[in-house]
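Trainee: I would like to go through this model term by term. Please tie each label to its cut-off.

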Amino acid sequence: MALALPTPDAFPIFPYSTPYKIQLDLMRHLFSAIEERKMAIVESPTGTGKTLSLLSASVTWLNDEKERALKGRFIQLEESYAQDKTPDWLVKQSVEFAKRHLLLEEEEFQTRLDQARKREENMRNEQKSRLYKRQRVDTAMNSDDNDEDDEYLPEDEEDSNLSAEVRELMQRLEKSRRRDDSRTELEEPTCTKIYYASRTHSQLSQLQVEFEKLNRLSEQASNRPVARVVPLGSRKNLCINEELRAKEGDLDEGCRELMKEKGKKRCPYLPPPEDVTQMQNLRDQILATPRDIEDLVQLGKETKTCPYYGSRRAIKQAELVCLPYNLLLQKQSREALGVDVKDQVVVIDEAHNLIDTILSTHSILLPHTILKKSLQQLRIYLQRFRKESSSSTHLIIADTSTGAHTCPCAASSPPCGISCGEKLMTPGEFFASLGEKVQGVNLLEIETYLRSSKIARKISGYCSKLDEKEKIASGERYLGQRNANPPLHLVQNWIITLTNANEDGKIVTSVSTPKDSGPIVTLKYQLLNPSRIFRDIVEDARSVVLAGGTMAPMSDFYSQLVPYLADEKIALFSCGHVMPKENLKTIVVTRGPTGASLVYKHQQQRDLSVMSELGQILSNLVNIVPDGLVVFFPSYAFLNALRTKWKETGLLDKLALKKTVFFEPQESGGVDNVLQEYTTAIRRKTSDRKRGALLLAVVGAKLSEGLNFSDELARAVVIVGLPFANVGSVELQERMRYVKELDQKTAAADGKTPTKDAGMELYENICMKAVNQSIGRAIRHQNDWAALILLDERYGSARIRSKLPKWIGDGVSTPDGFGHVVKELAQFYRAHRVTA
């Protein structure tokens, strides 16, 4: 019997008494999409309470789903008794007993969390009442020099001399032992979850702030959160073993090595497997109180227990799991963490660049240095362990070595047909080009063995140890990394790409010739089909929600990400802004002060007259726009050329008389300082003629995404030109070709003819997504106001304007001449009672 959840008219969990209409519409839309098992694509501009609305709708559905699940169990119980013709009074009594039992289980679990919350509170009160002196933990982690080489054998080799029947019996006994061990632990309730992913931990920390605003439900205790929350992160984010972090080498590998140790050699923050209580206590404390990654690290330090493994332990009972993109989008990461999206709700925020993230995450670069290092390690390992290895292991390692040796970037000369530059091949063509030696190699068998035996770590560990011994014996200083990331791991990932369908990606073979060496060949697998990667999540999850402040243009999501979904399985929601229309002035500037047409294509960007005209435009704008003025250029090359030219002509000095001028640094390390100085310059009241600051930045760079230029920090955002990517790029051309062929195939299957060039559509969409993100830096809340100034006559075309954010609406002005631009801007700022 299906129990459908009606879409609520109100959301009591929402923290404000009267939500905006667009917020209520979004919450109802999202609740309905989750209930109907649809994919939702949501566009809600920054400042409209998007995150709060997403949380309110999804957590409301989650709580309603819990009640439905209980009702469903009772109905099933009644139906089963009815089939047995049990008397009504006994059915009623049995159902009441089951209901009390289930509620008691839930209350016992919540009581455990209350106690964990109390323990943490007492612990912190104790720390406040006395001077806390951090105990120095003895972490004797250096391996003895007398370690046996047997530890470097593959994990299935220790019993290689036993018969298959004996090994199978031992495996069954081991599984039985693990089941017995698991029974000693408290039974862990499972529940429906929301997996909430975003790009960065800072964005997830903001999610935590919004979550804590949600109202408690009336039946909940005041100190209990509306949902049990756990944040997930990598070891890099969560490791609290400072001694391990200080060492050179790969942190993941170092952690895995310590996990295998016992006694004092084991990581002091990771309890031994038989001690389940300490990790359970940490798990309960994590679930008891919502916290972000920084809070989780602090909790781990206070309890002296690993927060990385503690958070993984908490996943099963968590109701809201927060994690960055990369941990969700990679299947291996999901499996390693125990993230199972089957029948769960997946919310991906800041999803405007989801396709690019999938493509880049699953594209693999294989440098010649890594491949040669892998070959060297394989030879050393085979020579040492030839006798100890089983014949099957020896054959697989030999096949791996043969395949690696025949790769072009392992050769001393470039492959046939490539002297310099790039060549594209399908995985099948690449594999065939390796010659007859590898045609009998089973790639799937090799990849499965490498993964299951963990031999990449064994080989790398043995070679590093050997290298260290040789250096020490010769009196040299060992500079290697004992816990280095095994180079064979990258080869293993590369092998996986060769098993992909030919149409899903291409292999780019590039040859460069440095002055001091011979030709160097580099291999790159470029994923072209994001749908194949994302399909696992879409088909497993109950509902997938893609949300962002600026999702336009949306056609890519349909055509590239989920082309297999029927229209009725996709729920689209796009809303306007909460600000009054008069708070935004959008102007397309087609002509400069001299009357020249404004077109900033690549070939025009070196034109001195174009540079001069643009300088005059900015000279006018700094006199009109109050406070902060942010200008985005299509590239660093153009910005740097302008900076040089304007410095020569004295224009920068003239601009500096009106506003303090700042440039976006190309190095990420200097961004925070520039932002701080820019903010100070705007908010500092001076007696001179300067009014605010001018920030010159680049579309698609560090300042164009995720930053908040609200209120006086950006009373105008200027976009110079259209930042089209280099169409000469082999990789971009291949991606355009792929989407064009995909569109043609889809149209042919429906008996239609494509009405547009999907490749060119992609090319424009990549450009406009970057533009829209830069535009979104202004107008950050209901009372904010600013002008958006688009410098390029191409913004006047209907096709380009249709790809601008929907919240801009129809209020785009295209004045006839630069004089009218100045006039309209002056009227806009006067209307807001600001004098320039």
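Mentor: Start with contact: heavy atoms within 4.5 Å. The model is predicted; local features need pLDDT of at least 70, side-chain atom pairs count only at pLDDT 80 or more, and totals for chains, interfaces and linings use all residues. Residues are numbered from 1 along each chain as its sequence is written, and side-chain values use heavy atoms, without hydrogens and water.

Trainee: What does helix α21 lie across?

Mentor: Helix α21 (residues 530-540) lies across β1, β5 (345-348) and β10 (543-548). Its direction is at about 120 degrees to β10. Axes are lines fitted to C-alpha atoms, for helices over the stretch in contact; angles run from 0 to 180 degrees between N-to-C directions.

Trainee: What makes β1 and β11 a pair?

Mentor: Pairing takes at least two bridges found by DSSP. Strand β1 (residues 39-43) and β11 have 5, in the parallel sense, so they count as paired. Valine 42 stands opposite phenylalanine 573 in β11.

Trainee: In what order do the strands of the open sheet run?

Mentor: The order is β3-β4-β2-β5-β10-β1-β11, 7 strands with parallel pairing.

Trainee: Why are β3 and β11 called edges?

Mentor: β3 (229-231) and β11 (570-574) each have a single partner strand, so one side of each lacks a neighbour in the sheet.

Trainee: How many helices and strands are there, and what makes a run count?

Mentor: The chain has 30 helices and 18 strands. They are DSSP runs, numbered from the N terminus: helices are H or I, at least four residues; strands are E, at least two.
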